[in-house]
Amino acid sequence: PSLPAFCAFVQDKMPPKVPQGKEGKNAAAAKAQKAGKEGGGKAKKKKWSKGKQKEKLNAAVFFDKNLYEKLKKDVPNYKLITPSVISERMKCNTSMARRALKDLELKGMIKPIMKHSQQVIYTRALAGSE
């Protein structure tokens, strides 16, 4: 078969392929393994990371006596009071924190700054202000 002129030089320089016996295959495998250790070869498949996972918080679902007393003692001293702040500091459910804040507001221990359907902000009720 006649090849185009630009392919002729490739055919001249390639040595003929030598059929390998059992020893030849083992030597070729050992050589490939050695090359893999030094670098090159097939890389390991990249594993997908799980991403950053927020650690699960064991929040209380009901107020027990100790938690409610702690809430009544500590919360009126906070400068910024929101359900999320209470939930984080007291390790309780946010819905519980909302109920507790309404209760503290009725008792006059905290006063509302802003009321919105989704976020309520309170602050401490200062004794001399009213």
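**Entry 1: the largest pocket**

I started with the lining of the largest pocket in this predicted model. I noted P83, T94, R98, L101, K102, K115, H116, S117, Q118, Q119, V120 and Y122 as the residues around it.

Helix 5 gives the most, with four residues.

I also sorted the lining by class. I got four nonpolar, five polar and three charged residues.

**Entry 2: helix 3 against helix 4**

Next I turned to a pair of helices. Helix 3 covers residues 65-74 and helix 4 covers residues 83-90. I read off a packing angle of about 125°, and the two axes are 12 Å apart. Why do I call helix 3 oblique to helix 4? Because angles of 65 to 115 degrees count as roughly perpendicular and those over 145 as roughly antiparallel, the angle here falls in the oblique class.

I checked the handedness too: helix 3 passes helix 4 in a right-handed crossing.

Who makes the contact? On helix 3, I listed L67, K70, L71 and D74. Across from them, helix 4 brings I86, R89 and M90. By class, I wrote down four nonpolar and three charged residues for this contact, with no polar ones.

**Entry 3: side by side**

Conventions
Residues are numbered from 1 along each chain as its sequence is written. This is a predicted model: local features need pLDDT of at least 70, side-chain atom pairs count only at pLDDT 80 or more; totals for chains, interfaces and linings use all residues. Side-chain values use heavy atoms; hydrogens and water are left out. Axes are lines fitted to C-alpha atoms, for helices over the stretch in contact, and angles run from 0 to 180 degrees between N-to-C directions. Helices (H or I, at least four residues) and strands (E, at least two) are DSSP runs, numbered from the N terminus. Angles under 35 degrees count as roughly parallel, over 145 as roughly antiparallel, 65 to 115 as roughly perpendicular and the rest as oblique. A crossing is left-handed if the near helix is turned anticlockwise from the far one by less than a right angle, and right-handed if clockwise. Contact means heavy atoms within 4.5 Å. Ala, Val, Leu, Ile, Met, Phe, Trp, Tyr, Cys and Pro count as nonpolar, Asp, Glu, Lys and Arg as charged, and the others, Gly among them, as polar. On a 1 Å grid over the protein atoms alone, a cavity is a set of points where a 1.4 Å probe fits but cannot get out, and a pocket is an open set with protein on both sides within 12 Å along at least five of seven lines; lining residues have an atom within 4 Å of a point.
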